[in-house]
Amino acid sequence: MKYFINKKEKTSGFSLMEVLVVLGVLALVVSIVFSGFNSFSKTKSVGSDAETIVEILRQARNETIASKNSSAYGVHFSGNTMTIFVGPTYSAGAATNRVISLPSNNTSLTLSLTGGVSYVLFAKISGETNQNGTITVSSSGVTGTKTVTIYKTGIVEMN
């Protein structure tokens, strides 16, 4: 009798198809995570920029109420920068101006202030303003916005 020995070769490792499937799934997971992180980052930027605006407006109001240098203070908005200015009018080249850039570059501001102006000026002693209204902070690709409200009394809050 003849005996046939069935020799099966054992191979270890992965086939090219298995490697490609794993890489495809990995790429899909990475893209989903990155997309979520990008959206989260933009949402965080909107909140951070709104908080900065509130802080700067409150600083200008407090300096006015405190009669620092016996002057009124205001905040001028231009693009993603704010300028704290001294005196009743904004002058771009004044030496006393303090320019503050928003922390992120991907947000945009929509001003809706009384008189259609791009600044808020606080009155001496009382801290009131005639440029009350809202500043909406938004970012492309993010559905949420933050609104900074400036009341006639000069009080500033964020919603």
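Two residues are said to be in contact when heavy atoms of theirs lie within 4.5 Å. The legends below describe a predicted model, in which local features need a pLDDT of at least 70 and side-chain atom pairs count only at pLDDT 80 or more, while totals for chains, interfaces and linings use all residues. Residues are numbered from 1 along each chain as its sequence is written, and side-chain values use heavy atoms, with hydrogens and water left out.

**View 1. The loop residue Ala-72 and its contacts.** Ala-72 lies in the loop between helix H1 (16-65) and strand E1, where helices (H or I, at least four residues) and strands (E, at least two) are DSSP runs numbered from the N terminus. Leaving aside neighbours within four places in sequence, Ala-72 is in contact with Thr-64, Phe-85, Val-86, Gly-87, Leu-121, Phe-122 and Lys-124. Ala-72 has a relative accessibility of 14% and therefore counts as buried, a word that stands for under 20% relative accessible area, whereas exposed stands for over 50% and partly exposed for values in between (1.4 Å probe, protein chains only). Although Ala-72 and Gly-87 are 15 residues apart in sequence, their C-alpha atoms are 5.2 Å apart in space.

**View 2. Two other residues of the loop between H1 and E1.** Ser-67 is found in the loop between H1 and E1, and Ser-67 has a positive phi of about 55° although it is not a glycine. With a relative accessible area of 28%, Ser-67 is partly exposed. Asn-69 is likewise found in the loop between H1 and E1, and the phi of Asn-69 is near 60°, a positive value in a residue other than glycine. The relative accessible area of Asn-69 is 59%, so Asn-69 is exposed.

**View 3. The open sheet of four strands.** Strands of a sheet pair through backbone hydrogen bonds, either parallel or antiparallel. Here 4 strands form an open sheet in the order E3-E2-E1-E5, and the pairing is antiparallel; two strands are taken to pair if DSSP finds at least two bridges between them. Strand E3 (98-101) and strand E5 (119-121) stand at the edges with a single partner strand each, so one side of each is left without a neighbour in the sheet. On average, neighbouring strands of this sheet are turned by 15° against each other, direction ignored, the axes being lines fitted to C-alpha atoms (for helices over the stretch in contact), with angles that run from 0 to 180 degrees between N-to-C directions. Strand E1 (residues 73-78) is joined to E5 by 3 bridges, and the two run antiparallel; Gly-74 stands opposite Leu-121 in E5.

**View 4. Thr-83 in strand E2.** Thr-83 has its place in strand E2 and is buried, with a relative accessible area of 5%. Not counting residues up to four places away in sequence, Thr-83 touches Gly-74, Val-75, His-76, Tyr-90, Asn-97, Arg-98 and Val-99. One of these partners, Asn-97, is 14 residues apart from Thr-83 in sequence, and the two are 6.2 Å apart in space, C-alpha to C-alpha.

View 5. The structure holds 2 aromatic pairs, in which rings of Phe, Tyr and Trp (its six-membered ring) pair if their centres lie within 6.5 Å, and planes under 30 degrees apart count as stacked, over 60 as edge-to-face and the rest as tilted. The rings of Phe-85 and Tyr-90 have centres 5.6 Å apart and planes at 65°, so this pair is edge-to-face. Phe-85 and Tyr-119 also form an edge-to-face pair, with 6.4 Å from centre to centre and 75° between the planes. Because Phe-85 lies in strand E2 (residues 81-86) and Tyr-119 in strand E5, the latter pair ties together parts that are 34 residues apart in sequence. Phe-85 is buried, with a relative accessible area of 1%, while Tyr-90 counts as partly exposed at 30% relative accessibility and Tyr-119 as partly exposed at 28%. Phe-85, Tyr-90 and Tyr-119 form one aromatic cluster.

**View 6. Confidence along the protein chain.** The protein chain averages a pLDDT of 88, and 89% of the residues score at least 70; pLDDT is the predictor's confidence in each residue, from 0 to 100. Confidence is lowest in H1, at a mean of 86, and highest in E5, at 97. Where pLDDT is low, the predicted coordinates should not be read in detail.
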